[in-house]
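User: Hi! I'm new to reading protein structures. Could you walk me through this one?

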Amino acid sequence: MSPEYAMRGHFSMKSDVYSFGVMILEIISGKTNSSFYQIDDSPGNLVTHIGQDPNRVFIIGMCIPGTKPETCSDCIKGASEKISETCPNQTDAYTWPDCCMVRYSNISFSGSLVMEPSETLYHTGDIEDTGANLTVFDRIWEELMLRTIAAASLSSTHGSSFGQKYFAAEVASLTAFQTMYAMMQCTPDVSSKDCDFCLKTSVGDYESCCRGKQGGAVIRPSCFVRWDLYPYAGAFENVTLPPPPPQSLPQPPLSLPPPVSDRVNTTIKDRKSVSTWIIVAIVVSIVVIFVLLVVVFVVCRRRKSYKTTEVQAGDEITTTYSLQFSFKTIEAATDKFSDSNMIGRGGFGEVYRGKLSTGIDVAVKRLSKTSGQGAKEFKNEAVLVTRLQHRNLVRLLGFCLEGEEKILVYEFVPNKSLDYFLFDPAKQGELDWTRRYNIIGGIARGILYLHQDSH
């Protein structure tokens, strides 16, 4: 499930003898004189280094607890070969399949928290397709994530049920027939605080990107998070569902029947009690019906704020559900399209900065009435952009289509465009080569998503 990443730099062709794929296979087979040592007392967490400075290479390889030695060895070998093929001559790269992790670098990384490069993956199916209630799912999913983070970030191997620190696999019952499975792991050289931070950041990134999907993962050099609706990686063989919470209400005590002499008086009192209960039941029923009517009315009003627009892109008919803003709302957000709020001008109109009543900053693209872009172009752009959900692409928040007004509302990007920094002599210094490399990688991932994964 994990892609491979080259993080920075490259070996020269003359130093091809340090090819990572050759070295790691030699280390595993025992043919190279390397110095393996354990990071902690946990089996399966080994690091090594080869060569002398400046040509020294540091390597870490580890498997999840409970993995059989043969399976662990095969996983590390396969990951090593994959890295050597995907990232040839790179000085720093890693891969994190489900049951093992391999990373190498020409710089010692022991004890350092490394958060980037990262990748968020998710299944395309929605959780509502399984018949589960999204509100209930959010509550159970959040509780499962917090419980797994707490267990995985333990600094003591004795506190972990798996006998290895920085690893946890937990389950939770979503419905009577559906179970959620979560697995998290950090590299054992980081601190407990760094592990907790890495896992919480990854869970937050997944929730922002992929809330409501049927599973996914977030992969970083120092930690790994995955959850799914089925068991995987052999990590859940000894994991059981947590016991249900104890009942808070005690059982009512047994009562003896009244004496025969008291039954006549009791019958009279019972008749009065029954009459009272009938009145109470009628009043309660009326109140409940009234409340239900109010709820239905409110729901219907809210649904009116959402509009289902059926548009045509080429030969494909697509139904797009997107929040539609009123023109008055956008006018208020942009101060009636004030010139002071204009931040750009394109071939089809102007772009304004605005602030919604909720406090969210937005970028408002107002299509020119004389630009030549008609309803068809506007609808095509709305269809295309609402389909695109990627961390490296600007997200469409909604649109407005009233009369001759055609407006798109995007999330606001405060750092402006890249050329603002590249061609400004004062700003060029803020982009060192590491940052430029990360920007290029983000652009490449966005382009790859547009050309392949978005179809």
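Analyst: Happy to; we can go through sheets, record annotations and a cavity. One thing to keep in mind is that this is a predicted model.

User: Let's begin with Lys-365. What does UniProt say about Lys-365?

Analyst: The unreviewed UniProt entry carries a "binding site" annotation that covers Lys-365. In the model, Lys-365 sits in strand β16.

User: And which residues does Lys-365 touch?

Analyst: Leaving out residues up to four places away in sequence, Lys-365 touches Glu-350, Val-351, Glu-381, Lys-406, Ile-407, Leu-408 and Tyr-410. Val-351 is also the bridge partner of Lys-365 in β16. Glu-350, for its part, has Arg-366 as its bridge partner in β16.

User: How do β15 and β16 pair?

Analyst: Strand β15 (residues 349-355) and strand β16 (residues 361-367) are antiparallel and share 7 bridges. They form a hairpin with 5 residues between the strands, where Gly-359 has a positive phi near 95°.

User: Which sheet are they part of?

Analyst: They belong to an open sheet of 5 strands, in the order β14-β15-β16-β18-β17, with antiparallel pairing. The edges are β14 (342-346) and β17 (396-402); each has a single partner strand, so one side of each is left without a neighbour in the sheet. From one strand to the next, the twist averages 20°.

User: What actually holds strands together in a sheet?

Analyst: Strands of a sheet pair through backbone hydrogen bonds, and the pairing can be parallel or antiparallel.

User: Now a new topic. What is the strand order in the open sheet with β7?

Analyst: That open sheet has 5 strands in the order β7-β10-β11-β9-β8, and the pairing is antiparallel. Here β7 (119-122) and β8 (167-173) stand at the edges with a single partner strand each, so one side of each has no neighbour in the sheet. Neighbouring strands of this sheet are turned against each other by 10° on average, direction ignored.

User: How many bridges join β8 to β9?

Analyst: There are 7 bridges between β8 and strand β9 (residues 179-186), and the two run antiparallel. Within that pair, Ala-172 stands opposite Met-180 in β9. A helix, α3, packs on the sheet and touches β8, β9 and β11 (223-228). The direction of α3 makes about 155° with that of β8.

User: What about holes inside the protein: how many cavities of 30 Å³ or more does the search find?

Analyst: Searching the whole structure gives 4 cavities of 30 Å³ or more. The second largest cavity has a volume of about 60 Å³.

User: What lines the second largest cavity?

Analyst: Its lining is made of Phe-137, Asp-138, Trp-141, Tyr-206, Glu-207, Cys-210, Arg-211, Gly-212, Lys-213 and Trp-227. The elements that give two or more residues to this lining are α3 (134-152) and α4 (192-210). By type, the lining residues divide into 5 nonpolar, 1 polar and 4 charged.

User: Last one! Where does UniProt put the "transmembrane region"?

Analyst: The unreviewed UniProt entry places it at residues 277-300. In the model, that span is 100% helix and 0% strand, and its end C-alpha atoms lie 35 Å apart.

User: Thanks, that helps a lot!

Key
Residues numbered from 1 in each chain as written. Predicted model: local features only at pLDDT ≥ 70, side-chain atom pairs only at ≥ 80, totals over all residues. Heavy atoms only, no water. 1 Å grid on protein atoms, 1.4 Å probe; cavity = no way out; pocket = protein on both sides within 12 Å on 5 of 7 lines; lining within 4 Å. Points joined across faces, edges and corners; volume = space filled by probe spheres on them. Helix = DSSP H or I, 4+ residues; strand = E, 2+ residues; numbered from the N terminus. Nonpolar A, V, L, I, M, F, W, Y, C, P; charged D, E, K, R; others polar. Pairing = 2+ DSSP bridges. Axes fitted to C-alpha atoms, helices over the stretch in contact; angles between N-to-C directions. UniProt positions renumbered as here; feature names shortened; annotations may be inferred. Contact = heavy atoms within 4.5 Å.
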